[in-house]
Amino acid sequence: MTTISRGFNAEMSLDGSPTLERFMDSDARVRIIKGPVGSGKSVCCCAEIMSLAMQQEPSPDGVRYSKAGIIRNTYGELRTTTLETWKEFFPEENCGPIRYTAPITHHITIPGFLDLQVLFVSADRPKDVRKLLSLELSFIWFNEFREMERSIFTAAGDRIGRYPSMKNHGVFATRDCVIADTNPPDEDSWIYDMEMEGPEGFEFFHQPPAVFPEEEIPKGIIYERKDLIQAAGRYYLANPNAENKRNLKPGYYESKIPGKTADWIQVYYESKYGYVADGKPVIPQFDDTLMSRDELPILQDQPLLIGIDIGGGTLSPAAIIGQRHPRGNWLIHAEVICSEMGLENFSREIAYCLNDLFGGRSIDRGWADPAGKNRDPLYETSILQHLRAKGFPVHEAPTNQIQARVEAISAPMSRFIDSQPGFLVSKRCKVLRSGLAAKWKYKKIQVVGADKYAQTPDKDEYSHPCDALGYLMLGGGEHQVMKGRKAPGQGGKPTRNAYKPRNIF
């Protein structure tokens, strides 16, 4: 326990940061602030921890007792990022030494007035997670919330409001709450779903972007061509109204985005929901901004096609439903993704999808992993036979070689037909889009020297819909293109600007 040194005063100005001001003024039980890099989110949360401690009702001895949990997804990031931010705001020379045994603890006191214990906990070490689930806390801060598992968030929420106690301190916690800061997560993230649901007692705060793509610069912002920054094949303008700029070096964002990918800029600087790879993407040609559509027409005069990844009886089957436009564009309409589900229930889920999205239309033709032709030893029927018995005319894909599937998916993404990409996908296909954008990846191999990656993609929840897409596109004509033959529905090989530009949809 260490007393704050006389004369120390931690200050933070909210001038130029109205979103942070609203965040600190809110009395919501769960507050989540989303914004770009450098927007002051983490420092604001440090200040809010102390503010909450100051708001605590005093015990009979006049002291405001509170205990905060600060949680980060990994121990390394907790030490090198979260803890360093905290020490910049509450330096050890003024607020006393930090104890580095698990959990890392900073105990700050003002005699006769304040007693604040701050516990730093990572969510990747089993002993820390177990410790978290037994803590008695007043409030919690999740730093970089996008990396957190929902189970940790749910469990941690049960630990707040348990300190101080009436038995030991004569008062209850005044503000038992959860605060969190984050860069935008993926659209298939549980955090995104939670925000869309809008649960009672939750409030989300969105800071303005740090940069705008040229085509999205708001009216009223005056700029010259020389002010634009070129990066990732586009032009951007630093937002003059971005928050926390008074605490950043002039030209901070102008110097940061060159060399970054479009996906990285979208998430960390535009502050939009998006996908960022932590490995080597299998399909680097996919551009979600260019290729995804809010509305994608279902063509009544074109066959409805399906690709299925179910292999030799996996309990994580996936199906992708799409069509081929007469001019050759792929239109991907829907995904059916299941976990811990057998073939019978999976077939039923496909039928539900057809009824809900396609007015009860039937599948005209489909393709699946060739391993599906093998007979089940118990039921003495193959997976493909079972699917056909359920009304899905599914056949073996031409091959299940991974390189062929990757080429079948990526090739149409490099084609433009009437100024439209050769591959278009509905935004309702969240898991597939996430997989194509970043999550279907070659895992990085931990070796000294140049970066190296595994030879085959990771097998996980994102690989199954991507594999299903590969079977769909191989069977639907891309395999013929790869072998040098014209695919059904193609009037020759489409090339960029091959036709007079017009909207074919």
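## A short tour of a predicted model

Start by selecting strand 9 and strand 11 (residues 234–238): three bridges join these antiparallel neighbours. Here two strands count as paired if DSSP finds at least two bridges between them. Helices (H or I, at least four residues) and strands (E, at least two) are DSSP runs, numbered from the N terminus.

You are looking at a predicted model, where local features need pLDDT of at least 70 and side-chain atom pairs count only at pLDDT 80 or more, while totals for chains, interfaces and linings use all residues. Residues are numbered from 1 along each chain as its sequence is written, and side-chain values use heavy atoms, leaving out hydrogens and water.

Now click on phenylalanine 212, which stands opposite leucine 237 in strand 11.

At the start of helix 8, a side-chain oxygen of serine 189 comes within 3.0 Å of the backbone nitrogen of isoleucine 191. Just past the helix, glycine 198 has a positive phi of about 60°.

Show helix 15 (residues 430–439) with helix 16 (residues 463–482): they pack at about 90°, axes 8 Å apart. They therefore count as roughly perpendicular (65 to 115 degrees), with axes fitted to C-alpha atoms over the stretch in contact and angles running from 0 to 180 degrees between N-to-C directions.

Note on methods
Parallel < 35°, antiparallel > 145°, perpendicular 65-115°, else oblique. Polar contact = N/O pair within 3.5 Å; in protein donor to acceptor, adjacent residues only side chain to side chain.
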